[in-house]
Amino acid sequence: AVVSTQSTWGLSFRIYSSKQQQQQTKNMSDAVNDAELQEAFKLFDMDGDGMITIDELKKLVEKVGGTMTEGEAKGLIHQADKDGNEGIDFSEFSKLWSAIKGEGEEELEIKKEFIKLDTDSSGFITKEEMMSIITDCDHFTGDKMEEAKKCVAELDVDQDGRVSYPEFLLVWKYKN
């Protein structure tokens, strides 16, 4: 009887530990998703009024070097616009961001590339990280610091000197 009690206790403990780890992983993932959502929302909400309009969506895609028709922008906004006011507030934004981000292999590939460049796992690619990658790469000749600055500047949509995952994803997906 003692053996079965111990093994039952051991099994219960392992199940509890496993659930705790899953919850910690989920909490970390939620925190990452929340930070990513807030970072992305700031990019889209160009005038800072807490509402993303069709015009702001089109302008952001143009800013990263791509094009989006009025119809495409309307379609994306309409898809996420729960209250029908033709704008997206933060509570509706996760649906819009999911539609833009996409799922599956392409999004995983983009995320993998970002993680490779974000060598300190800060959630941002800096000039210094880009510089170390360019320095290790034989393809670049000439001023490597200039090349690093140019790479970051191309990806740095909000011009804060570093590249977030939302910026990286938008440039990757929409730049012509």
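Is Arg-162 buried, exposed or partly exposed? Arg-162 is partly exposed, with a relative accessible area of 33%. Buried here means under 20% relative accessible area, exposed means over 50%, and partly exposed lies in between, with a 1.4 Å probe and protein chains only.

Before I go on, this is a predicted model, in which local features need pLDDT of at least 70 and side-chain atom pairs count only at pLDDT 80 or more, while totals for chains, interfaces and linings use all residues. Residues are numbered from 1 along each chain as its sequence is written, and side-chain values use heavy atoms, with hydrogens and water left out.

Back to Arg-162. Its side chain forms a salt bridge with Asp-160, the closest N and O atoms being 3.5 Å apart. A salt bridge is a side-chain nitrogen of Lys or Arg within 4 Å of a carboxyl oxygen of Asp or Glu. Asp-160 is partly exposed too, at 37%.

By this rule there are nine salt bridges. Salt bridges that share partners join Glu-36, Lys-101 and Lys-111 into one network. In one part of it, Lys-101 and Glu-36 meet at 3.0 Å, N to O. Lys-101 is in helix H4 and Glu-36 in helix H1, 65 residues apart. Helices are DSSP runs of H or I with at least four residues, strands are runs of E with at least two, and both are numbered from the N terminus. Glu-36 is buried, with a relative accessible area of 8%, and Lys-101 is buried at 18%.

Glu-36 also forms a salt bridge with Lys-111, with the closest N and O atoms 3.4 Å apart. Glu-36 lies in helix H1 and Lys-111 in helix H5, so this pair ties together parts that are 75 residues apart in sequence. Lys-111 counts as partly exposed, at 24% relative accessibility.

Next, helix H5 itself. H5 has 13 residues and reaches 19 Å from its first C-alpha to its last, close to the 18 Å expected at 1.5 Å a residue; the expected span is 1.5 Å times one less than the number of residues. Which residues of H5 are buried? They are Glu-107, Ile-110, Phe-114 and Leu-117. Seen down the axis of H5, these fall within an arc of 90°, so they line one face of the helix. The arc is that of the directions from the helix axis to the C-beta atoms. On the other side of H5, Glu-105, Lys-112, Ile-115 and Lys-116 are exposed.

Glu-107 is buried yet has no salt bridge, and the nearest side chain of opposite charge, Lys-101, is 4.1 Å away. For charge, Lys and Arg count as positive and Asp and Glu as negative, while His and the chain ends are not counted.

Helix H3 has buried residues as well: Ala-73, Leu-76, Ile-77 and Ala-80. They cover an arc of only 95° around the axis, which puts them on the same side of H3. The buried residues of H3 pack against H2, H4 and H8, where contact means heavy atoms within 4.5 Å.

Last, the core. The largest nonpolar core has 38 residues, and Phe-44, Phe-93, Trp-97, Ile-100 and Leu-170 have the most contacts inside it. A nonpolar core is a set of buried Ala, Val, Leu, Ile, Met, Phe, Trp, Tyr and Cys residues joined through side-chain atoms within 4.5 Å. H8 gives the most to this core, with six residues.
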